[in-house]
Amino acid sequence: MDKILVGLKRVVDYNVRIRVKTDGSGVETDGVKMSINPFDEIALEEALRIRERGEASEVVVFSIGPSDAQQQLRTGLAMGADRAILVEAADAVDPLSAAKVITKLIEAESPELVILGKQAIDNDNNQTGQMVAALWDRPQATFASKVELADGKATVTREVDAGLETIEVDLPAVVTTDLRLNEPRYVKLPDIMKAKKKPLDTTPIADFGVAPDDAFEVSEYAPPPQRSKGVMVEDTAALVAALKDKGLI
Amino acid sequence: MSLDFDSARLPNRDLTEEHHAWRTQLRRFIDDEVMPHAAEWDEAGDIPAWLWTRAAALGLLRLGYPERYGGVSDGIDIWFHNIVNEELARLGVGGVAATLMVHNIGLPPVVNFASEAVRERVAPPVLAGDAHISLAITEPGGGSDVASLATTAVQDGDHFVVNGSKTYITGGMRANWFSTAVRTGGEGASGVSMLLIDADAPGVSRTELDRKQGWWASDTATIYFEDVRVPVAQLIGEREQGFKVIMNNFNSERLAMAVGMEAMARVCLEEAVEWARERKTFGKRLADHQVIRHKVAQMKQRLNATQGYLQLVSQQYEDGNVDAGDMALLKVQASETVEFCAREAMQILGGAGYIRGNRVERIYREVRVNAIGGGSEEIMRDLAARQYRF
């Protein structure tokens, strides 16, 4: 296989306690640690393993986001990606627009495999991968927990509600990753230093001629209601009584 | 603004994307591979051999050493080192860092001053985590008073014959080599040479030091040399120029310790603040009692001062014009800060802090080794006064 394309989204680090801006227009990102979306990191790890097994020759990472998303692309390059593309967008990009941009990147790069996270931990949309497959008119294998490539096909084990499902898709295809697909590697210091010298191209999103999705609008961000404190009960009888009291059983 | 480990660090405009990436990866490694075992290793008094290999692969052991020996030096500045010392200190188990990173005092003399043949034999396996090297200077008869050391090396043909002993040698039980200060000449500093001694050479023996107050995970040894024959070719630097080699090491060791102490003090702040926000006494949170709020503010005040001083001296170190007096007092500033913060955090944590197995309790036990090791506060002040020509 020639090329694998991997998406890396810049998101608030999973360790950070999210705070909603007081005006409800979004979440606080000032001075907040930003990272690669964990599912995307898994996607890149999988692509690198495929390349290291000799089943692909190049891994290209891309991100759609602000100029600062270069940091996440550099981390991707330090992990081992060969080159990076930043589609620079100052404002948030809705899933359909992202999918359209990715489809254009696919046209330009002609990868045989596109690996994306199943969703980003910011808005948890879980749509982009599926939309890309539809726009590209190629098969999709979402929520992957195992990927094997042979004879122009990918055999993918998927995590579905009922358990595991294994499907076979013809390549080129879109695979989206689930949590258990792999454990991303530690990036080594020499690779961090070398990543500076790897190519990273930036293109403004306007050049892709993709109009924002009119059907998609964010009205407001609000923090979840605060959970009330739990109550300790002495024994099972007290628990049952308390549940009955609340009309829960 | 919160007062956790990261947000209680003053901004540093010299940090680049690579520094942040290094911190991120290092922290991930430490959080996943070290932190879960830290208390257990501390109690057991040892760290597993695989930690060296993994730390070497990550680049941790190789940081700053020449690429030709397996090091990583291209584009590396002092901030990469400071990040390592900060992140390792964040564990709150000084013994782990002291043992794992002990080559950072033992190996630089070899890499900077030994013959090429010695460098090629020693540096690559140490940087790969497969072999270990310790620095052996302190003797049972005296520590920082290097000029009066009593271990002798008498030349016999193309060998030295070494007799004497060294104590408080960090990593000494595991070391394959010792970068050793010996007396080849007359009295005083001008008679001292540095010699690389193989730990398995006939006549070398060692015993583990008795139980320590802190640094439990670090092995510390007394080394005995009895008619040990060492090739003259294993001189580190010129004969009778050992004092220069030793002095060359001190600045980086003191800076590394100061960075670690500041970070330990910051851990104390983080733990104390978290506890004060949760714990309720007399109908309100500890954090709402003025007496506690003042303690937290005083901790932060001293941390700020130490961090500012650290940044300045780090920059001077990077530029190669550090003042040894300022460096010595930085070490004192840092040990006084960690002593204060450990004390105040303990007072805030109360009984919860006194129970073994938490970071503040461990740091509290490691205050003294930091205030004494690498040059005691008293020696540092004296050195500074002399440096300032007082």
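Me: How many cavities of 30 Å³ or more does a search of the whole structure find?
Reply: A cavity here is a set of points, on a 1 Å grid over the protein atoms alone, where a 1.4 Å probe fits but cannot get out. The grid points are joined across faces, edges and corners, and a volume is the space filled by probe spheres set on them. With the limit at 30 Å³ or more, the search of the whole structure gives 3 cavities.

Me: At what pLDDT do side-chain atom pairs count in this predicted model?
Reply: Residues are numbered from 1 along each chain as its sequence is written, while chains are lettered from A and ligands numbered from 1 in the order in which they are written. Side-chain values use heavy atoms, with hydrogens and water left out, and in this predicted model totals for chains, interfaces and linings use all residues, local features need pLDDT of at least 70, and side-chain atom pairs count only at pLDDT 80 or more.

Me: Happy to start with the largest cavity: which elements give two or more residues to its lining?
Reply: This cavity holds about 200 Å³ of space. Its lining (residues with an atom within 4 Å of a point) has 16 residues, with Arg9(B), Asn12(B), Trp79(B), Glu86(B) and Gln311(B) nearest the centre. Taking helices as DSSP runs of H or I with at least four residues and strands as runs of E with at least two, numbered from the N terminus, the elements that give two or more residues are, in chain B, α4 (78-90), α8 (242-278) and α9 (290-319).

Me: Which domains of chain B each give at least three residues to that lining?
Reply: An automatic or database domain assignment sets the bounds, and it divides chain B into domain 1 (17-127), domain 2 (133-241) and domain 3 (244-385). By class, the lining of the largest cavity has 6 nonpolar, 5 polar and 5 charged residues, where Ala, Val, Leu, Ile, Met, Phe, Trp, Tyr, Cys and Pro are nonpolar, Asp, Glu, Lys and Arg charged, and the others, Gly among them, polar. At least three of the lining residues come from each of domain 1 and domain 3.

Me: How far apart are the C-alpha centres of domain 1 and domain 3 of chain B?
Reply: Contact means heavy atoms within 4.5 Å. The contact between these domains takes 23 residues from domain 1 and 24 residues from domain 3. Their C-alpha centres are separated by 22 Å.

Me: How many nonpolar residues are in the lining of the second largest cavity?
Reply: About 40 Å³ of space lies in this cavity. Its lining includes Trp52(B), Leu61(B), His103(B) and His132(B). The lining has no charged residues and 2 polar ones, and its nonpolar residues number 7.

Me: Which residue does the side chain of Arg23(B) join in a polar contact of 3.0 Å?
Reply: Arg23(B) sits in helix α1 (residues 17-34) of chain B and counts as buried because its relative accessible area is 8%; buried means under 20%, exposed over 50%, and partly exposed in between, with a 1.4 Å probe and protein chains only. Beyond four places in sequence, it touches Arg9(B), Leu15(B), Ile83(B), Glu86(B) and Glu87(B). A polar contact is a pair of N or O atoms within 3.5 Å; within protein, one must be able to donate a hydrogen and the other to accept it, and residues adjacent in sequence count only if both atoms are side-chain atoms. The side-chain partner at 3.0 Å is Glu86(B).

Me: Is Arg27(B) buried or exposed?
Reply: Arg27(B) also lies in helix α1 of chain B. Outside four places in sequence, Arg27(B) has contacts with Phe5(B), Asp6(B), Glu87(B) and Arg90(B). Its relative accessibility is 16%, so Arg27(B) is buried.

Me: Over in chain A, which residue's backbone oxygen does the side chain of Thr177(A) reach?
Reply: Thr177(A) belongs to strand β10 (residues 173-177) of chain A, and its relative accessibility of 0% is why it counts as buried. Its contacts beyond four places in sequence include Ile42(A), Ile115(A) and Phe143(A). At 2.8 Å, the side chain reaches the backbone oxygen of Phe39(A).

Me: What is phi of Phe282(B) near?
Reply: Phe282(B) lies in the loop between β9 (280-281) and β10 (284-285) of chain B. Phe282(B) counts as exposed because its relative accessibility is 82%. Although the residue is not glycine, its phi is positive, near 50 degrees.

Conventions. On a 1 Å grid over the protein atoms alone, a cavity is a set of points where a 1.4 Å probe fits but cannot get out, and a pocket is an open set with protein on both sides within 12 Å along at least five of seven lines; lining residues have an atom within 4 Å of a point.
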